Amino acid sequence: MPEPPYKPLDAQVIPRFAGIRTFMRAPHVTDLRGVDVAVYGIPYDTATSYRTGSRFGPEAIRSASALIRPYHPVHDVNVVDKLSIVDYGDLPVSPGDTERTYRQVEEALAPVVDAGIFPAAMGGDHSITLAELRVLATKHGPLALVQLDAHADTWEEYFGQKYFHGTTFKRAAEEGVVVAKKSVQAGMRGSIYAASDLEEARELGFTVIASDELRALAPDEYAERVRERVGDTPVFISFDVDFLDPAYAPGTGTPEVAGFSTAEALAFVRALRGVNLVGCDVVEVSPSYDGPGQQTALAAANVLFELLALRALGV
């Protein structure tokens, strides 16, 4: 096992680790000494409403991340020089039982958060974010949510279930683990069940920037709105790959047309520099629906790298 602080494995060393894929070739480590960032998977997808398969998302993101290099030229930061990053592996889940999965995730993630380590998750469907927020709120207090997504995920219930990938952020607001009035949801688009769907998110207190409105904003204008809203509150950024247009990310459970390109998405994420980022996730990668080049997984891996670069700028 490498000695802390942990650095990525050199590409020529990879054959010695045949069959083991890790994010950005970081060492797979569960000893938290000397660790700044723990990247981990939550391979759960049975709170999905349409196409399952995102339980295989963490594996696909890890594979796609192998080419990502450590230096970020736009932010002028070497991410792995600034941060000791490890791949913490996958947290335990119970397929078919969302509430038990939440308990498992909370128990497994608590030592990471208690140690002051930045958690970065690979999903998994969007239901898993609630468990992450619960754990982080015990450390930081109620969080500001910055969500890039095609859907607000603030329904009361879905298929009669209160814990589902379409109900995550209503539950988070109700439980007080996020402060809706300090949170921004952006990218919402597509058909909905009723005219009230997005208004209900706003009534909870969320700032909702629908897709057409977001498209009219420059990235820095969007980021300024976010910074005005979140202030100094600890921030959790949640990126659902269906924020991207299916042309760029077909491998997801609930694709919506007229979405954003990867270039636009990275610009919005990069513009968020300066927020008090304490955790993040990238969710809803369903590799069985991806293209032959695994472009959805590749996009997700690069978004996660961008989020780690934001963290590196803040330390």
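Gly253 is buried, as its relative accessible area is 1% (buried means under 20% relative accessible area, exposed over 50%, partly exposed in between, with a 1.4 Å probe and protein chains only). The model is a predicted one, in which local features need pLDDT of at least 70 and side-chain atom pairs count only at pLDDT 80 or more, while totals for chains, interfaces and linings use all residues. Residues are numbered from 1 along each chain as its sequence is written, and side-chain values use heavy atoms, with hydrogens and water left out.

The loop between β9 (235–240) and α9 (262–270) holds Gly253; helices (H or I, at least four residues) and strands (E, at least two) are DSSP runs, numbered from the N terminus. Leaving aside residues up to four places away in sequence, Gly253 touches Tyr50, Arg51, Glu284 and Ser286, where contact means heavy atoms within 4.5 Å. Arg273 is 20 residues apart from Gly253 along the chain, and their C-alpha atoms are separated by 29 Å.

## The sheet

Eight strands form an open sheet with parallel pairing, in the order β4-β1-β5-β10-β9-β6-β7-β8; two strands pair if DSSP finds at least two bridges between them. At the edges stand β4 (85–90) and β8 (207–210), each with a single partner strand, so one side of each is left without a neighbour in the sheet. From one strand to the next the twist averages 15 degrees. For angles, axes are lines fitted to C-alpha atoms, for helices over the stretch in contact, and the values run from 0 to 180 degrees between N-to-C directions.

Four bridges join β7 (residues 184–188) to β8 in the parallel sense, and Val184 stands opposite Thr207 in β8. Helix α4 (residues 129–140) packs on the sheet, where α4 touches β1 (37–42), β5 (118–123), β9 and β10 (277–283). The direction of α4 makes about 175 degrees with that of β10.

## Val79

Val79 belongs to helix α2 (residues 79–82) and counts as buried, at 0% relative accessibility. Not counting residues up to four places away in sequence, Val79 touches Pro70, Ile85, Phe305, Leu308, Ala309 and Ala312.

## Backbone features

Most residues other than glycine have a negative phi, and most peptide bonds are trans. The peptide bond from Gly123 to Gly124 is cis, with omega near 15 degrees; Gly124 is in the loop between β5 and α4.

Met24, in the segment before β1, has a positive phi, near 55 degrees. Met24 is buried, with a relative accessible area of 5%. Asp76 also has a positive phi, near 55 degrees, and lies in the loop between β2 (71–72) and β3 (77–78). Asp76 is exposed, with a relative accessible area of 57%.

## The largest pocket

The largest pocket has a volume of about 440 Å³. On a 1 Å grid over the protein atoms alone, a pocket is an open set of points where a 1.4 Å probe fits, with protein on both sides within 12 Å along at least five of seven lines, and lining residues have an atom within 4 Å of a point. Grid points are joined across faces, edges and corners, and a volume is the space filled by probe spheres set on the points.

The lining consists of 27 residues, and His151, Trp155, Ser191, Ile192 and Glu256 lie nearest the centre of the pocket. By class, the lining holds 10 nonpolar, nine polar and eight charged residues (Ala, Val, Leu, Ile, Met, Phe, Trp, Tyr, Cys and Pro count as nonpolar, Asp, Glu, Lys and Arg as charged, and the others, Gly among them, as polar).
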